[in-house]
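Open the model in your viewer and keep the sequence panel beside it. Each stop below tells you what to select, then what is there.

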Amino acid sequence: MRVAERRPLPLRIRTDGIAPIVALLVVLLILVAFVQPDFLAPSSLMSFLGRSAPIILLAAGQYFVIVCGEFDLSVGSLVTAQVVVAARLIDSDPSRTWPVVVLLLAGGALVGLVNGLVTTVLRVPSFITTLGMFLILVGAVYLWSDGAPKGGLSEEFRRFGRRAIEDVPLLGRIPYALLVLVVVAAVAVVLTRSDFGRTLVAVGDNPRTAELSGVRVVRTKTIAFMLSGLAAAVAAILLGGYSGVSFQAGVGLEFGAITAVVLGGVALGGGRGSVVGAMLGALTLETLFALMNFTGVSGALRSTVQGVIILLAVAVSSLRSSSSR
Amino acid sequence: MRRSMTALAAVSVLVLAGCATDEPTASPSGTASAAAGSGTGEQSKFFVQADYDNELALLDAAPTGPADKPWEQVLNPKMVDTAKYRKPGKHKICFSNAALNNPWRQVGFKTMQAEVEAQRSRISEFVHVDAEGKDQKQIADINDLLGKKCDALIVSPNTTATLTPAVEAACQAGLPVVVFDRGVNTTCPVTFINPVGGYGFGHVGAEFVSQKMKPGGKVLALRILPGVDVLETRWSAAKIALDKAKVNVVGVEFTDGDPAKTKKIVNDYIQRYGTIDGVWMDAGAVAVAAVEAFQDAGKPVPPMNGEDQLDFLKLWKDKKLTAIAPTYPTYQWRTPIIAALSILDGTQVSNPWKLPQPTITQDNLDQYLDASMPPLHYAMCGCTDLPGYPQRWK
């Protein structure tokens, strides 16, 4: 495991690629404070963080996949599938909440496992694999539910995404979603600081070298996909809780997560970036959308903004990779 | 290699996003009104004054037919002769369905199946083909059904203009055709069945909301998506009512029928304007999400309209909302079966067959609430007397 020894200074990990996104976030927050001062009131800010939690989680999951040189386009449809499945299995019965939560997490990991194995063992490019998974999940859910969700989510289930600890001094309220986010983010940061995290970056940087250095590329990438699937499962639980049963719960989320990750300074193609950057990217994107809303910019422009960010990120990463050769 | 992979991946991501987010790009009215903070924009190109006047008149018209069976009632009947379609014996009835892709259609189709079961003594076979929301598939479906020796054909068209030639071809094949729910641009079907319609729906909700709020208050209008006739007519009627009441329409937003998006939009408006005094919606599917946005923000829920979906009715009762529910009743799915059998008997039917479109108000709310039915069920199904109730709808 020589690769793991290429350990940069801890300080460098912290600042690597994060500075620009922090700066951008601060600028956006100042602009928001200018346009809509109420937005920065503690309770309003807490609610904002709470409802941004799913996309931040998805960005964290997507980070693991992207940094090792792959993509996961199936997360949006996975979120939809999980919300629809949860509604049907729980069927408004509170006692089924926890078994279903466990089942969703297992399901998310399983979908990730399949994505990972198809990509690594069968050597299908990951955007084909996960695009295929996207279509499979969409079709399967459609078939299973006849095209319209059935059943209902229990209040117990919805608590994670919707409720908050109220009347907290100073902060006003702390959404449960935010607590979940903090825990998952902590786990993600620990993971990236571990040997696994460094191996992941090494695989993304140069899979051949990593393999020659004794890294089990297949296992590393497969675990990355499983983490993305797990993140999608947690996001589904929060999102289903936030908005209730919907056939569109996850529509477009894969795109949002990828945009957030590249905005956070993670290189498409892998090998560079941090999970904190990816999560801050998601938060920045959500703040940008909030600002667009407060200034009365049409919501339809969101797609355009996401498209521009992706194109710029790809252009930058292509220029970098060609200049480094 | 990596460079081209990255580029290819980026392209696929963009394509995926293009087909996935489906956000309306053409929303001039939404943008303009959001920026200006008032006004409802230009009238929809779908607006037809005569239809509007007609539908508003129909709202108050007295129906003929049995009072306890609104799916058999007719508003302003215009009877047509059907003697040439008379046919003895049991019948094979075929149904080309636009889609089953939302709870409204699911409830409707189950109601139709139950009606078929109730009429088993007269129907030998019922063939159902689901076009899955695709025009091309429905055109092929209708074409296929023409070769299947159907005695009558029922069509619920996916889109109006594209399906018109297919319906005309079916008429020319000589079998009686019954169109319901959405229309076609031809007079060839024996009858066209639907309730009062979009203008009536939009008008009832907007009148209520603007009357129950303070004068000049702030209204948020939530629409599903632009360009669909039944939804456009709902909005164009609401526009007239809201403009007339001189309320301040601060936003006209498209939700794609997505609860998460709806909650975010409503939440954003609450933050932007502090309070919202009324919410008008062109369909009730995301009404609960809109209510929750106010609840989660710790604000009182303003006067609003929903639809007859049970989750909304329950919330209305539990939280004592100021609400109204214009409906687009799912009981209309019973009528085409009844019409087809009447036509095959040679009995006269009305064309168009306009069904009543009841409104659920505070006064009659209790009679439509049924805690034992699932949250996405539609109260106005007219299905309680049908075989298999309530199990079939659960």
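## Stop 1: the cysteines

Begin in chain B. Select B:Cys381 and B:Cys383: a disulfide joins them, with an S to S distance of 2.0 Å. Keep in mind that this is a predicted model. Which hand does the bond have? The torsion about the S-S bond of B:Cys381 and B:Cys383 is about -60°, so this disulfide is left-handed. Now colour by accessibility. B:Cys381 is buried, and B:Cys383 is buried too.

How many disulfides does the structure hold over all chains? There are 3. A disulfide is a covalent bond between the sulfur atoms of two cysteines.

Next, select B:Cys94 and B:Cys150. Their disulfide has an S to S distance of 1.9 Å. Look along the S-S bond: at -90°, this link is left-handed. B:Cys94 sits in strand 2 (residues 91-97) of chain B, and B:Cys150 sits in the loop between helix 5 (135-146) and strand 4 (152-156), so the pair ties together parts that are 56 residues apart in sequence. Both B:Cys94 and B:Cys150 are buried.

Move on to B:Cys171 and B:Cys188. The sulfur atoms of this disulfide are 2.0 Å apart. Is the bond left-handed or right-handed? Its torsion is about 65°, so the disulfide of B:Cys171 and B:Cys188 is right-handed. The pair links distant parts of the chain, 17 residues apart. B:Cys171 is in helix 6 (residues 160-172) of chain B. B:Cys188 is in the loop between strand 5 (177-180) and strand 6 (191-195) of chain B.

Check the accessibility of each partner. B:Cys171 has a relative accessible area of 17%, under the 20% cut-off, so it counts as buried. B:Cys188 has 27% and is partly exposed.

Count the bonded cysteines along chain B. The disulfides follow the pattern 1-2, 3-4, 5-6.

Before leaving the cysteines, jump to chain A and select A:Cys68. It is buried, at 1% relative accessibility.

## Stop 2

Most residues other than glycine have a negative phi, and most peptide bonds are trans. The next selections depart from that.

Select B:Asn351 and B:Pro352. The peptide bond joining them is cis, with omega about 0°. B:Pro352 is in the loop between strand 12 (349-350) and strand 13 (353-355) of chain B.

Now select B:Tyr389 and B:Pro390. A cis peptide bond joins this pair as well, and omega is about 0°. Where is B:Pro390? It lies in the segment after helix 13 (365-368) of chain B.

Turn to phi. Select B:Glu132, which has a positive phi of about 55° although it is not a glycine. B:Glu132 is in the loop between strand 3 (123-130) and helix 5 of chain B. Its relative accessible area is 35%, and B:Glu132 is partly exposed.

Then select B:Lys149. This residue is not a glycine, yet its phi is positive, about 55°. B:Lys149 is in the loop between helix 5 and strand 4 of chain B. Is B:Lys149 buried or exposed? It is exposed, with a relative accessible area of 72%.

## Stop 2: helix 11 and its surroundings

Select helix 11 (residues 310-318) of chain B and show its side chains. The buried residues are B:Leu310, B:Asp311, B:Phe312, B:Leu313, B:Leu315 and B:Trp316. What covers them? The cover includes helix 10 (287-296), strand 10 (304-305), strand 11 (323-326), strand 14 and helix 13 of chain B. Now look past the end of the helix. B:Lys320 follows helix 11, and its phi is positive, near 50°.

Stay with the cover and select B:Asn364. It lies in the loop between strand 14 (359-360) and helix 13 of chain B. B:Asn364 is buried, with a relative accessible area of 18%.

## Stop 4

Finish with B:Asn54, in helix 3 (residues 49-59) of chain B. B:Asn54 is partly exposed, at 40% relative accessible area.

Note on methods. Residues numbered from 1 in each chain as written. Chains lettered and ligands numbered in written order. Predicted model: local features only at pLDDT ≥ 70, side-chain atom pairs only at ≥ 80, totals over all residues. Heavy atoms only, no water. Disulfide = S-S within 2.5 Å. Helix = DSSP H or I, 4+ residues; strand = E, 2+ residues; numbered from the N terminus. Buried < 20%, exposed > 50% of the residue type's maximum accessible area, 1.4 Å probe, protein only. Contact = heavy atoms within 4.5 Å.
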